[in-house]
Amino acid sequence: MAGAVARAISAKSELVVEAGTGTGKTYAYLAPALRSGKKVIISTGSKALQDQLYSRDLPTVAKALKFKGALALLKGRSNYLCLERLEQQSMAGGDLAQQAMSDLVHLRGWSAETVEGDISTCGGVAEDSPIWPLVTSTNDNCLGSDCPQYKDCFVVKARRKALDADIVVVNHHLFLADMVVKESGFAELIPDADVMIFDEAHQVPDIASQYFGQQLSSRQLLDLAKDIIIAYRTEIRDVQQLQKSADRLAASTQDFRLALGDPGFRGNLRDLLSNPTIQRALLLLDDALELCYDVVKLSLGRSALLDAAYERVALYRGRLKRLKDVSQPGFSYWYECNSRHFVLALTPLSVAERFREVMDERPASWIFTSATLAVNDQVSHFVERLGVTQAESLILSSPFDYARQALLCVPRNLPLSNRPGSSRQLAQMLTPLIEANQGRCFFLCTSHRVMRELAATFRATLTLPVLLQGETSKGELLRQFVAAGNALLVATSSFWEGVDVRGDLLSLVIIDKLPFASPDDPLLKARMEDCTLRGGDAFADVQLPDAVIALKQGVGRLIRDTDDRGVLVICDNRLVMRPYGEVFVNSLPPAPRTRDLAKALAFLRQTTAE
């Protein structure tokens, strides 16, 4: 792999590599990148992986190669404390809850000590504290070079460091947000480079589709209303209309959320906008934005904060107009809402053309790697989705000895998943396996409902600690899992990837169902319809490859090292009964297979005895 990366760098060409768990892919791209003498951007799938790469892997390789160049870590704006917004928040006071107020006081002290302003290094304020969005900036609300605190800005400092560095570590969200925001020089955080490397590249097509589309959320609208109120309270106290227009915007945003009905749902925006109640609520929201636009316009030039708010009102009105025009082909129109917030969005069905344009504008070496890119020993699904059809491709299997280290079990007599009480039956069926393994198990679910039902059953019947995703942060759950040494973690999507538990702390991974995305998801539905219109097979070309890659991610949690041993249980008969089950099995590591839970039990007992 290192050889292929070195060749791609010297030829300024494109390379796609699937490198199975344990191949050492991080070192395989870092070594040639550091030795190339060129400017390199490395993009990872998440902030956690970004931190791990920057603080662990990169220094190790740099030291081994006696690399003398400069390294930099660059995150999105919302990861850095914004001194100006901290100042405004402190002056405005306002309706903060007691906890948020004490967080604000803590942050004022921290702001004087921190060098980087990276909020992940701030102890003492919870990561889900409501204060964070108020004291960090976004592309929309950043004042740029008009900001009074510009010379001390942590984002500007991080960007300067990145401009001067030889190796810059970013994440996919930042990279793609940056590619899209080209209107003003300040918005572009990421410097140009000769080499672009994407680790966890399987995530790039979905993340790209978010950024190449358009979104308007209640959070953006409520933040805008708050900023107008802060400007009124701190700088322009003589224009009371500012407060009134902002209050009306906040109220009509909340009214629109109520009109959407039950939370936890992603639906079709085209269907939604044909509902008269929704049309009326949207009209009132648009009127509130128009009022803010007219009122703020009268005070332009008196406050940098208000001038920036004026631009945002214009931007959001444009987005709302674009989202209401649901007749344009080639896009999926959808909305999502939780108990307090909503998102209205349109997403392109294919990002291949746009991503190709991004690559063609930046002549460089483009390298994409992940442990899960291939379906049935082909990377064509990934290559076509991202438009990297000119790339050389390479598939490297894991060096682990799966024949000895692992066992795959698809149990017989599984309960029918759509019947009442099926989660309870499944829990009872697998309890002996979990107890024999003394916990040390991830139970990965494809839905939140099943996850909660399973956790409730296990908590009522097991004496082992049962951890449930969502009850605390992901990092804290992992810490508790490792510290307990005999826990069962019941989780859904976010634990299917990017989680690394080595050794005998995790020797059983159970997956409740093949991870096909919900056919009701409007984005998936639109991609499938588009595929059919183009003469393709929507199931074979869209649903199946997506599910195979998701399953490979979940399966990859089990064997993380040469000494790991364990059992993988997939509770889905389709793996054995349906013709497409073969595509899944061919894409998984070559472990021995059984349908007999007793054999799985024996394998675990033997592992525990060793």
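A residue is called buried under 20% relative accessible area, exposed over 50%, and partly exposed in between (1.4 Å probe, protein chains only). Aspartate 377 counts as exposed because its relative accessibility is 54%.

This is a predicted model, in which local features need pLDDT of at least 70 and side-chain atom pairs count only at pLDDT 80 or more, while totals for chains, interfaces and linings use all residues. Residues are numbered from 1 along each chain as its sequence is written, and side-chain values use heavy atoms, leaving out hydrogens and water.

Helices (H or I, at least four residues) and strands (E, at least two) are DSSP runs, numbered from the N terminus. Aspartate 377 lies in the loop between strand 10 (365-370) and helix 16 (380-386). Its C-alpha atom is 7.6 Å from that of isoleucine 395, 18 residues apart along the chain.

Strand 12 (residues 406-409) is covered on both faces: Ala406 and Leu408 are buried on one side, and Leu407 and Cys409 on the other. Two strands pair if DSSP finds at least two bridges between them.

| Partner | Sense | Bridges | Opposite residues |
|---|---|---|---|
| Strand 17 (residues 566-570) | parallel | four | cysteine 409 and valine 569 |
| Strand 18 (residues 593-594) | parallel | two | leucine 408 and arginine 593 |

In helix 18 (residues 422-436), a kink of about 45 degrees lies at leucine 430, shortly before proline 432. Such a bend is the angle between axes fitted to the seven residues ending at a residue and the seven starting there. The buried residues of helix 18 include Leu426, Leu430 and Leu433. Glutamine 438, with a positive phi near 55 degrees, follows helix 18.
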